[in-house]
Amino acid sequence: MGSAGQSLDEEPTRSPADERPGAPATAVLDGRAGSLGHSVLAPSLTPRPAFQVTRRLVGVSKYPLGLLTAIYAINQSHQFLLPVLFPFIKQEFRLSDTALGLLGGSYLLMLTVGTVPFGILADRVRRTKVIAWGTSAWGVAMIYAGLAGSYVHLFVARTLLGVADPADNPTSQSLLADYYPVNQRARVMGIYEGGRLLGILALPIAGGMAEAWGWRATFFFFAMPGFVVAAMAWRLHEPERGIQDRRHQNLDGGIEESGYLRMSSWRAYAQVLRIPTFSVQLVSSGLANLFLGGVGVWAVTFMIRYHDVSVSGASVAIGLFAVGALVGSLSAGYVADFLTFRGLRASRVYVAAGGRIMATLLFIPAFVTGNLAMMLVLFTVGAAVLVAPAPALNAVRADVLHPHLRGRGNALDAVTQSLAAAVSPIVFGVLSDMVTLRSAFLVMTPVVGLAGLVLLLLGPPLYARDERRVLRAVSGDDDVDETVQTVSAPRETAAARAAAPDARSGGDGAGEDLLVLRDVDCSYGPLQVLFDVSLVVPRGRCVAILGPNGAGKTTLLKVVSGHVDPRAGSVVFDGRDIGGVPPDQRARLGITLMGGGRSTFPSLSVYENLWLGAFPYATDAARLVDERVDAVLDVFSALRPRLRQAAGTLSGGEQQMIALGRALVAGSELLLIDELSMGLAPIVTEELAQVVPDILDLGTTILVVEQSVPVALDIADEVYGMEKGSLRRLGTARSLRRKGGDRLARSLMTGEEEPSRRRRPPRSGGAGRTGRSSGSGRRRRRPLQAPASPRSGSRRGRKRSGGRGAGGS
Amino acid sequence: MNRLLDRIKNLDERSQSTAFFGVIVAGLVAALALGLSEARDRPAVEFGEERVRRDGLVATVQVNARNRTDEVVCPEVRIAARDREGLDLEEVVARPQEGGPRIGPGSSQSYVGVFHNLSEDDYRERLDEFSAYVFDVEPCP
């Protein structure tokens, strides 16, 4: 403990009266010896090591995403492998080109036929095992292809590859929807879709292998990573279906049962097609692939024919397009999720539709221009936005399909895309023969635009309805009328309230905003708790939220601390959108939640409780931590003799002191206090409230929720009222006191009678219970930096003079 | 379908794991062994770089074949003009440039193939490479 007044080795002294939990707090508080003016406790002096903020839930690993993407890339590799090996195979078996073409056809046929049952498996059995078995079957088929002694064997092997392939894609997408938070679906799908493009790496590798070791060895060696990733997939944790959809609504667990599991597999397929958003995206994807498949085949010919490029040069350009597509796939997911964070609920549909429309606008000049450089630029950017819809739509499917239907939905989508992509080159060829290849490109390009328009016009309203339906279904609230929408305050009003000048800093314009909440909606399952909550907390101020039990005050604090995820809206801390940032990282950013009630670790000692406050910044700075703990003990000197005592044995007031002290050790930028007065005698609350101005003087900003109107008016600069999840500004504490103080505030609330323990005689002039807190003189703003002299705080002097004998030292 | 799924579900975990990892280990060992064995099995005749001379629509391709065995071989060499998909645009039988088809152990022989049927479109849009290969190894006369 270093400079602490009492060594930890010494036996703490305790009076018999103190032995009782809930011992009179006055005795404790009268022992206050020091002040909070200690500069060491200032947030500005708190070391905050740089770290990368990640938007993830605690415990979510990137491993499943990495593994499933690798499996996708490996499964896709044979698509690129076979054309490279064709010449060698053709030589050995003396095959005609028709026979080689049939190999491709057998794959497509089985891909189509095989996807349907695998979609059912993905919804019914353990998905990690479906992927593991499918990938190992892929490996076996690759070995079989390498061993093929005749064309027939090769044909069978290729057919088996077509069966094994669909085991992966629909199932993996279903898994990813349950591994990762709903708010991150699009970006997760973007990374996963990148696996398809990474499969193209097989092309040069297979070419080199076949030249050096022959086509059979190439099949054998390519099979090996398949077995390795299959074994890894077997070991993957199988998440409960729908767990993320329920977590999105702050509910635990997954969905064990649903009507979809009881109905026949084919009826469930029909059910999928009846989901309007799904059908719209299916039509859109089909149309888009009607263009995409043909472009993939004919782009090289186009460049050679109209731009006089060599075959090898055109192949290099195709590689460029693939890079563009990879960038598009990765960034589209991020854009879609970012917009979702910003409250644009159907952003995934908009991103997909926008990508397709934008691709059309880029491709048309790309196909018209005679300038090769311009064509390459337009085409590469076009390729990037053309693939952008894939991850966004993967996420849309997960959003609008019940977790027990996702495998089948993904399977239907895969089949549609494959068939459209297979037909597409033929359509291009026919059009090219009828007119010219350029005309074929120009005729087919608007089909992508049409796909985008279908999504844009029909998608968003359907998506909003279907997404809500799934959220209600997974939360167990199936019976809710689908047409009923959550009642919420008009967005414009709420946003305007947040932006209104009088909502900031009490109208004096001092300081910047440390915390801004915009249009936050939050639910626990079907129960919506917060409705379009917008709030601005200026830096260095104390904002109080008053409201009765069940109004949503604690939920609001938990949204800020990251313990509860909002369904919509944004939380901006210190200019940074912290949506999706987990609580531990928010603590490291300087946000501390002081929970309601006795917020201590009861089995840990007082010292250990205080020391835990240093968790965000200190693992190797024991001296610094001890210095800060010591500074806290100067303020709460009653804790000093109890340092080795278990926190749970202390009185309620002392435990609140520990909780406050822990927040001070943490050097919080933003301190969230959940009911300072909860369960405490008024006299104890009063003493704790005296510390609040000192905490503000350090530079800490406070957001406190309270049921007690007097306490809120006493400690806060601004007061908001919360009722049934809606927040409204009541005014500055000063003006409320002037207008009638707590009575006025209470009348603005529910009208509920304050508990008798909080009912106290009105103080003259609405002044606080100490002289320091009366009128405008209660706060004298200081710079945000901590005072140079630890005990030079002006508030302290007033507190001493007007306080209840807190003289102490 | 549902009955089949129930059966799959009812297989105990241990049996499934044993079966699965049996397949994985067997597959890995087989792939590695077969791959190494195939990689070590080098072809009897290896070809050098193809040299192409084009005269109008006629292309003449010359390639050097080397016998890597300890025996005299008489290969039938063919050269194919291929597109990007690996499909043949035209294939011709290559003739030894000098002497007969016999190639002694460790010796080389030059072969020439002439392509008459490639169109201007083939040259411009489709042709990716000329590739020589041994169609057959005949008993030497």
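User: In what order do the four strands of the open sheet in chain A come?
Analyst: Keep in mind that this is a predicted model. The sheet is open and its strands pair in an antiparallel way. Reading across the four strands, the order is S2-S1-S4-S5 (chain A).

User: Which are the edge strands of that sheet?
Analyst: An edge strand pairs on one side only.

User: What is the bridge partner of Val572(A) in S5(A)?
Analyst: Strand S4 (residues 568-573) of chain A runs antiparallel to S5(A), and two bridges join them. For Val572(A), the partner in S5(A) is Asp577(A).

User: What angle does helix H21 of chain A make with S1(A)?
Analyst: Helix H21 (residues 553-561) of chain A packs on the sheet, where it touches strand S1 (513-524), S2 and S4 of chain A. Its direction and that of S1(A) make about 115 degrees.

User: Okay, on to the two chains. How much area is buried between chain B and chain A?
Analyst: The contact takes 38 residues from chain B and 43 residues from chain A. Carbon and sulfur atoms give 65% of the buried area. The area itself is about 3,600 Å².

User: How many salt bridges are there between chain B and chain A?
Analyst: By class, the side of chain B that touches chain A has 18 nonpolar, seven polar and 13 charged residues. Between the two chains there is one residue pair in polar contact, both at pLDDT 80 or more. For salt bridges, the count is zero.

Conventions. Residues are numbered from 1 along each chain as its sequence is written. Chains are lettered from A and ligands numbered from 1 in the order in which they are written. This is a predicted model: local features need pLDDT of at least 70, side-chain atom pairs count only at pLDDT 80 or more; totals for chains, interfaces and linings use all residues. Side-chain values use heavy atoms; hydrogens and water are left out. Contact means heavy atoms within 4.5 Å. Buried area is the accessible area (1.4 Å probe) that two parts lose on being put together, summed over both. A salt bridge is a side-chain nitrogen of Lys or Arg within 4 Å of a carboxyl oxygen of Asp or Glu. A polar contact is a pair of N or O atoms within 3.5 Å; within protein, one must be able to donate a hydrogen and the other to accept it, and residues adjacent in sequence count only if both atoms are side-chain atoms. Ala, Val, Leu, Ile, Met, Phe, Trp, Tyr, Cys and Pro count as nonpolar, Asp, Glu, Lys and Arg as charged, and the others, Gly among them, as polar. Two strands pair if DSSP finds at least two bridges between them. Axes are lines fitted to C-alpha atoms, for helices over the stretch in contact, and angles run from 0 to 180 degrees between N-to-C directions.
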